[in-house]
Amino acid sequence: MATSGLQHVAAMYAGVVAPPLIVGAAVGLTPTELTFLTGACLFTAGLATFLQTLGIWKIGARLPFVNGVTFAGVAPMIAVVNSTDDKSDALPVIFGAVIVAGVLGFFAAPFFSKAVRFFPPVVTGTVITLIGISLMPVAFGWAQGPNPAADDYGSTTNLGLAGATLVVVLLLRRFTRGFVKQIAVLLGLVVGTLVAIPFGATDFGPVADAAVVGFPTPFHFGAPQFQLAAILSMCVVMVVSMTESTADMLALGEIVERPADERTIAAGLRADTLGSALSPLFNGFMCSAFAQNIGLVAMTRIRSRYVVATGGGFLVLMGLCPMAASLIAVVPRPVLGGAGVVLFGSVAASGIQTLVKAGLEKDNNVLIVAVSLAVGIIPITAPEFYHAFPETAEIILDSGISTGCVAAVALNLVFNHLGGGRAADDEVTAPMDPQPASVH
């Protein structure tokens, strides 16, 4: 049980620590504060996993389901950081928005489980793809170095370290199997960090300064602040997160031969949303299901929810050990960038896999994906596109995930539910090909 639980932790560790690293760097946290934020996210991921696997009352799907910090919230949180004049207020604003979104999501869970038909694969696949695409610039920035003002930013040394890490991860994924293959990203970070030592790019100071035992002090970064624009943005993320979790519960139910019915989905969504609402109390972010662990359950055929709960216990212990959390702060940014290409690219690839099931031979679905992706990548390709809008609106509009999600849901309603568009069975062999005329 212990080794299988650790394997689940290894499979999702990089995914848990990446969001606090991204957001912490945007806020400008010191290495010590970054270690604290990372530990807090590990701790709250463990608590959320307990809620999901063990459950209390009508909370928790009671499936082998790992919960952790969702990638869907990263881009909107970065938008909040960028729109906050005093960066010390950014995290409290984010925490306040997550709390409200979590509470609203908790009460909406039973209704959402009935409305899931409005979030088919064409919507969820588009949104997941946008999540990966939106995070890729972060990986590219890391690959160049920690400080854009430094002389070595974008140097051949930094890019070389990123490239070497990427190659190590790819080789491990190609030529290894089982447990080693599952932790390829983690091993790539270790190898990349060791390679970086001769170049003076590795700083072990955070580990030396970290305590062995610690506790994520509630509201360490300040009391939560509640701003409407940030709340609306995180509510959109909550909808995306609940949609992903629903899809994951349906998939996991099939794997463990216990199909997830409406009651199970509602209980699982309550665990997700309650975990998210409680997470900011201990300085964590929004929590959601980790799809990579579903693949691990399928591969190992170990279906016990208590094994995953054991993994949650390890996450809690790591969160209570700042020294363990500080290890990720040792990894040089270029090394993180190399691994991030795989990590974030995998998220986009996961979205594409979902789109494959979306029926893209249907003309309606092609249009939904095309327009939603276009709307979602505006903040990436044209960062100043919404510069004339009010600052509060920019927090939402500058998140391609939020705008892309809203566009996908709205277009799906128009084309596939309201019956006002072309027939749903119209097929296209290529999006730009003219439709052949009917022969009478």
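## Axes and basis of the model

Helix axes are here lines fitted to C-alpha atoms over the stretch in contact, and the angles between N-to-C directions run from 0 to 180 degrees. The model is predicted, so that local features need pLDDT of at least 70 and side-chain atom pairs count only at pLDDT 80 or more, whereas totals for chains, interfaces and linings use all residues. Residues are numbered from 1 along each chain as its sequence is written, and side-chain values use heavy atoms, with hydrogens and water left out.

## The chain as a whole

The protein chain has 19 helices and two strands, taken as DSSP runs numbered from the N terminus (helices H or I, at least four residues; strands E, at least two). Of its 440 residues, 53% are buried (under 20% relative accessible area with a 1.4 Å probe, protein chains only). Among contacts between residues at least 6 apart in sequence, 82% join residues at least 24 apart, a contact being heavy atoms within 4.5 Å.

## Packing of α2 against α13

The axes of α2 and helix α13 (residues 305-319) come within 7 Å and cross at roughly 155°. The two helices are therefore roughly antiparallel (over 145 degrees), and α2 passes α13 in a left-handed crossing, in which the near helix is turned anticlockwise from the far one by less than a right angle.

On the α2 side the contact includes Gly39, Leu42, Phe43 and Phe50, and on the α13 side Arg305, Val308, Gly312 and Met318 are among the residues involved. By class, this contact has 10 nonpolar, seven polar and one charged residues; Ala, Val, Leu, Ile, Met, Phe, Trp, Tyr, Cys and Pro count as nonpolar, Asp, Glu, Lys and Arg as charged, and the others, Gly among them, as polar.

The structure has eight aromatic pairs, meaning rings of Phe, Tyr and Trp (its six-membered ring) with centres within 6.5 Å. Phe36 and Phe221 form one that is edge-to-face, at 5.8 Å centre to centre and 75° between the planes, where edge-to-face stands for planes over 60 degrees apart. Since Phe36 lies in helix α2 (residues 31-53) and Phe221 in the loop between α9 (205-209) and α10 (228-255), the pair ties together parts that are 185 residues apart in sequence. Phe36 and Phe221 are both buried.

The rings of Phe43 and Phe282 are likewise edge-to-face, with centres 5.4 Å apart and planes at 70°. This pair links Phe43 in helix α2 to Phe282 in the loop between α11 (262-278) and β2 (287-289), 239 residues apart. Phe43 and Phe282 are buried, and together with Phe215 they form one aromatic cluster.

Methods:
Rings of Phe, Tyr and Trp (its six-membered ring) pair if their centres lie within 6.5 Å; planes under 30 degrees apart count as stacked, over 60 as edge-to-face and the rest as tilted. Buried means under 20% relative accessible area, exposed over 50%, partly exposed in between (1.4 Å probe, protein chains only). Angles under 35 degrees count as roughly parallel, over 145 as roughly antiparallel, 65 to 115 as roughly perpendicular and the rest as oblique.
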